[in-house]
Amino acid sequence: MSKNIAVLDIGTTGVRILAAKVNEGGLPHIVAKVAIPCRGLKKFKIYDREVLVRAIGQAVLRIQEQTGIVIKSVYSSVQSAYVKYMHNADMIEISDTGREITYHDIATLLDKVASVEMYDDEVLLDVSPLKFVIDGEATVVDPIGLSAKTLEVEADIVLGQAEYINDVKDCIEDAGLEIDGFVPVSLAMAGLMPEYSEECKSVLMIDVGGSVTDYTLYYKGKPYAIGAIPVGGDNISSDLSQVFKVSPNEAEALKRDYPLASATLVTNNIDIAIHSLASGEQEIIKVEEPVQVMQARIEEIFSMVGRNLNKENININSIDRVIVSGDGLVPFKGTDVICKNILNVQLLEIDFSRLTGMKSVYTYASGMVMYISSQLPLGRKQSQFEKEYQTNDIPQIKKKGFAGILEMVQSKMKNMFTGFRE
């Protein structure tokens with residue numbers, strides 16, 4: 001019997017919802033999708049709560065109007081700036097004589113390893129297993145079906161910043177939805193990364209959004225270091241607007257018409273007519289001029305990521321490949337040149353649209369669907385949605401107070417993260 005998954009990706013340029021049916025084999029099938037432009041999230045904060053709540057409500061209603069599917073609960077995205085990992089290990093007894101390991105055993109073990117001490121401003125988001133050890137000897141990635149007396153796990157405990165998680169949860173509930181859980185970008189995108197090999201053990205993913213750039217360093221397919229910087233594609237447009245004294249719309253047009261990350265790619269340095277707000281008249285510039293402005297900002301984005309990794313004592317030169325995602329930078333040609341010049345690492349180009357079968361705006365949401373699908377056998381909650389003709393209970397945008405949220409934080413989000421068993 002199929003199970004339901006609905007994911008909500010809240011970005012700095014919009015909100016996206018994907019609804020999927022997951023078959024018994026664990027393969028998800030997208031049954032509804034929608035993307036709504038929204039500027040409610042700016043850099044690392046909820047900039048306009050009312051705008052964000054309205055956009056989420058519009059997305060839910062748009063899906064209902066287009067497909068008849070009424071979504072009642074979702075898994076929500078969470079920015080890397082509000083996530084950190086804690087390493088932990090634990091063990092359970094399987095049987096004195098040994099028996100086959102089941103999903104129930106793994107769920108029990110992951111619940112146990114997730115019992116860690118947290119600060120008052122932290123909440124438990126997830127548990128990411130790194131490796132399992134059978135009977136203290138054999139190390140395996142997937143122990144299901146193997147015979148054992150004991151089972152150990154080494155895992156990353158994923159923690160979130162309580163204040164931000166609360167704010168997002170409050171907005172989602174104000175839009176009439178319940179929360180099934182949170183999915184960090186580092187875990188969502190892990191399933192879309194290339195399989196590691198001896199030649200490519202480490203991959204740095206740089207995801208450039210509107211006003212935020214998330215980055216994750218994967219080592220052997222697992223998140224090793226994560227972070228975010230308050231710079232994105234909007235800054236490229238802002239630079240163009242300020243340097244050439246043009247309107248934001250004209251700056252966006254320049255970025256869209258000449259998406260080059262390096263001035264070395266300009267082969268025909270033709271004239272461009274722009275309308276200067278300073279003089280009130282038309283002026284002529286060369287193509288190379290806006291490209292140089294955009295190049296400077298793109299170089300700064302890569303440099304900031306590199307500096308942050310250096311602060312964590314990570315040798316940039318030891319990284320095997322870099323992958324760029326996000327609508328803030330993906331349309332640009334020549335990012336491979338910048339990557340090589342700034343980080344001295346080769347860019348690995350991946351067409352996420354072809355990989356997921358979805359438009360690039362849904363890349364992160366697609367990763368969320370794939371990740372949650374893989375977690376369903378462990379008892380992870382399935383989302384609540386149904387066809388319109390089955391119910392008259394249509395989600396409405398509603399206002400809720402802050403009452404009860406503090407108590408939720410202090411109880412370490414037990415009502416949201418109910419273990420790996422429903």
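A: Setting aside neighbours within four places in sequence, Ser80 has contacts (heavy atoms within 4.5 Å) with Val185, Asp214, Ile226 and Gly227. The residue sits in the loop that joins strand S7 (73-78) to strand S8 (83-93); helices (H or I, at least four residues) and strands (E, at least two) are DSSP runs numbered from the N terminus. Ser80 counts as buried because its relative accessibility is 3%, where buried means under 20% relative accessible area, exposed over 50% and partly exposed in between, with a 1.4 Å probe and protein chains only. The model is predicted, with pLDDT of at least 70 required for local features and 80 or more for side-chain atom pairs, while totals for chains, interfaces and linings use all residues. Residues are numbered from 1 along each chain as its sequence is written, and side-chain values use heavy atoms, leaving out hydrogens and water.

The whole structure has 2 aromatic pairs, a pair being rings of Phe, Tyr or Trp (its six-membered ring) with centres within 6.5 Å. The Tyr82 and Tyr164 rings count as stacked because their planes are at 5 degrees, with the centres 3.8 Å apart; planes under 30 degrees apart are stacked, over 60 edge-to-face, and the rest tilted. Tyr82 belongs to the loop between S7 and S8 and Tyr164 to helix H3 (residues 162-174), so the pair links distant parts of the chain, 82 residues apart. Both Tyr82 and Tyr164 are buried.

Next, the nonpolar packing. A nonpolar core is a set of buried Ala, Val, Leu, Ile, Met, Phe, Trp, Tyr and Cys residues joined through side-chain atoms within 4.5 Å. The largest core has 68 residues, and the members that touch the most others are Ile10, Val15, Ile56, Ile71 and Ile172. Helix H1 (residues 49-67) gives the largest share of this core, 7 residues. A second, separate core has 43 residues, among them Ile274, Val287, Ile319 and Phe332. In soluble globular proteins, nonpolar side chains tend to be buried together. Beyond four places in sequence, Val15 touches Leu8, Asp9, Ile10, Val34, Ala35, Ile36, Cys38, Leu52, Ala55, Ile56 and Ala59. Leu52 is also among the contacts of Ile46, together with Gly40, Leu41, Asp167, Val168 and Cys171. Ile46 is part of strand S5 (residues 45-46) and counts as buried, with 19% relative accessibility.

Helix H2 (residues 103-113) has Asp105, Ile106, Ala107, Leu109, Leu110, Asp111 and Val113 buried. These buried residues pack against S8, strand S9 (99-100), strand S10 (122-134) and strand S13 (150-161). Val140, in strand S11 (residues 138-140), is buried at 18% relative accessible area and has contacts with Lys131, Phe132, Ile134 and Leu146.

On a 1 Å grid over the protein atoms alone, a pocket is an open set of points with protein on both sides within 12 Å along at least five of seven lines, a cavity is a set where a 1.4 Å probe fits but cannot get out, and lining residues have an atom within 4 Å of a point. Points are joined across faces, edges and corners, and a volume is the space filled by probe spheres set on them. The largest pocket holds about 1300 Å³. Its lining has 39 residues, and those closest to the centre are Ser128, Pro129, Val141, Gly221 and Lys222. At least two lining residues come from each of S8, H2, S10, helix H4 (185-188), strand S17 (222-229) and helix H10 (363-375). The lining divides into 24 nonpolar, 9 polar and 6 charged residues, with Ala, Val, Leu, Ile, Met, Phe, Trp, Tyr, Cys and Pro taken as nonpolar, Asp, Glu, Lys and Arg as charged, and the others, Gly among them, as polar.

The second largest pocket holds about 780 Å³. Of its 34 lining residues, Thr13, Gly209, Gly210, Asp327 and Gly328 are the closest to the centre. Elements that give two or more residues to this lining include S7 and H10, while helix H6 (248-257) gives the most, 3 residues. By class, the lining has 12 nonpolar, 12 polar and 10 charged residues.
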